[in-house]
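Here is a short note for a colleague who is opening this structure for the first time. Please keep the view open while reading the points below.

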Amino acid sequence: MSTKNEHHMVPLAVLLKREVVNEKIKKPDIIYGQASQRKKGEDFTFLKTECQRVPGDGVTTFSVFALFDGHNGSAAAIYTKENLLNNVLGAIPSYLSRDEWIAALPRALVSGFVKTDKDFQEKAHTSGTTVTFVVIDGWVITVGSVGDSCCILESAEGIVYYLSADHRLESNEEERERITASGGEVGRLNAGGGTEIGPLRCWPGGLCLSRSIGDMDVGEFIVPVPYVKQVKLPTSGGRLIISSDGVWDALSSEMAFDCCRGMPPDAAAGQIVKEALQVKGLRDDTTCIVIDIVPPEKLTPLVPPPKKQGKGVFFKFMFWQKSSESSSHADKEYSEPDVVEEIFEEGSAMLSERLDTEYPLCNLFKLFVCAVCQLEMRPGEGISVHAGASNPRKLRPSDGPFLCSSCQAKKEAMEGKRPSGDGASRNSYGSD
Ligand SMILES: [Zn+2]
């Protein structure tokens, strides 16, 4: 186009190499820290910045940060910490390009969460855990969450974004309706004499959360299907806070960001935990992870942002000149808007909606592999996730993706389609 060079061809290999180099330059620096005060010892974290993926043309890395807040023991939290990443990666073909892998992540998170829950329940432990699982690849942040450990993002311009769901029955009417429709009961603890106390809980079991991993002694309608949100940060960067409910019971998101402004992540995490304890005391495990995603080589703390413009607003088009940017020609040509862009958001508990064929990469997946547990099946053996759907949206029951019989049984149980007391107890269908 407007290049002043002579018309001489650049070999494709050189172009590709340049692209790889550009990609590397453009990757943000990720600096993180965590802090925790234990009460029951049921909070666990997973922090890994050099996770590798081998897409065929070299190795690429991404980061994973996760928080697991266990209840009724720590077995589910520990099991999930040890297995979830592998189960998510197992649901994504290794040869995908970066764009394909980013697009595949939301569905892989669903498969990985459900497989982890199913595998754990087969071990017949009775504990459960919340999960907030954050994958950062370049400037793209993907979060899968069940329970009430929140992940919030503040962009460099000072806007706060909620990247996780709140699956507390008390605050989530949609989930209360889902559980009631699946055969569960939602109500408060009966303290005798008709007095009801405490938050809304699900019965049987008495859990305050509508989604978790584990909890085999609670109804199957407490599902492990995660809410997934995917956003792309502008190159001005931002700060992520992942905390267990011990923090959010005491601090608003503004208080959390404000109390540690200008501090490096490890000090910031410590400060947030300290502030939370000052408000409420140590009533529960209180854990905080702070992650700064900053332009490369800009290792000073984020500059204090301008006055807040509001929160939770996507596509807020504010363009301004980057201060510390030595943009290359290519950067200018493909410059991106300086806002947080929402790429994906879905919170449905229905596997037929979460493992959909509208998925852009359905053809890349082997047809005869279970979409949840990745078990290879013989042709005709798999059961369509749309089988038995009341509103199949033009899809035939013979359309994929497919589930093995064991994962199909789990799906039906989660949707309340298996009558209770039919002898098929929650841990008996995992015979493969
Ligand atoms: Zn399966």
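**Notes on the helix pair and selected sites**

1. Helix 2 and helix 3 pack at about 140°, and their axes lie 9 Å apart. Axes are lines fitted to C-alpha atoms, for helices over the stretch in contact, and angles run from 0 to 180 degrees between N-to-C directions. That angle makes helix 2 oblique to helix 3 (under 35 degrees is roughly parallel, over 145 roughly antiparallel, 65 to 115 roughly perpendicular, the rest oblique). On the helix 2 side the contact uses A76, Y79, T80, N83, L84, N87 and V88; on the helix 3 side it uses A108, L109, G112, K115, T116, D119 and F120. Two residues are in contact if their C-beta atoms, placed from the backbone, lie within 7 Å.

2. Some ground rules. This is a predicted model: local features need pLDDT of at least 70, side-chain atom pairs count only at pLDDT 80 or more, and totals for chains, interfaces and linings use all residues. Residues are numbered from 1 along each chain as its sequence is written. Helices (H or I, at least four residues) and strands (E, at least two) are DSSP runs, numbered from the N terminus.

3. The whole chain has 10 helices and 16 strands. Of its 432 residues, 42% are buried. A residue is buried if 20 or more other C-beta atoms lie within 10 Å of its own, exposed if 12 or fewer, and partly exposed in between; C-beta atoms are placed from the backbone. Take the contacts between residues at least 6 apart in sequence: 69% join residues at least 24 apart.

4. Back to helix 2. Its 15 residues (75-89) should span 21 Å at 1.5 Å a residue, and the end C-alpha atoms are 22 Å apart, which agrees. The expected span is 1.5 Å times one less than the number of residues. Buried residues of helix 2 include A76, A77, Y79 and L84. The buried residues pack against strand 2 (43-53), strand 3 (60-71), helix 3 (98-122), strand 4 (128-137) and strand 10 (213-214).

5. Where does helix 2 bend? The bend is at N83 and comes to about 40° (the angle between axes fitted to the seven residues ending there and the seven starting there). N83 counts as partly exposed, with 17 C-beta neighbours inside 10 Å. Leaving aside neighbours within four places in sequence, N83 contacts T116 and D119. The C-alpha atoms of N83 and D119 are separated by 9.6 Å, though the two are 36 residues apart along the chain.

6. Helix 10 (residues 405-414) is largely enclosed by the rest of the structure, because 7 of its 10 residues are buried. Its cover includes helix 3, helix 9 (351-354), strand 15 (383-384) and strand 16 (402-403). After helix 10 comes G416, with a positive phi near 70°.

7. Most residues other than glycine have a negative phi, and most peptide bonds are trans. The W203 to P204 bond is cis, with omega near 5°. D215 is not a glycine, yet its phi is positive, about 55°. D215 is buried, with 28 C-beta neighbours inside 10 Å. Q374, also not a glycine, has a positive phi of about 70°. Q374 counts as partly exposed, with 17 such neighbours inside 10 Å.
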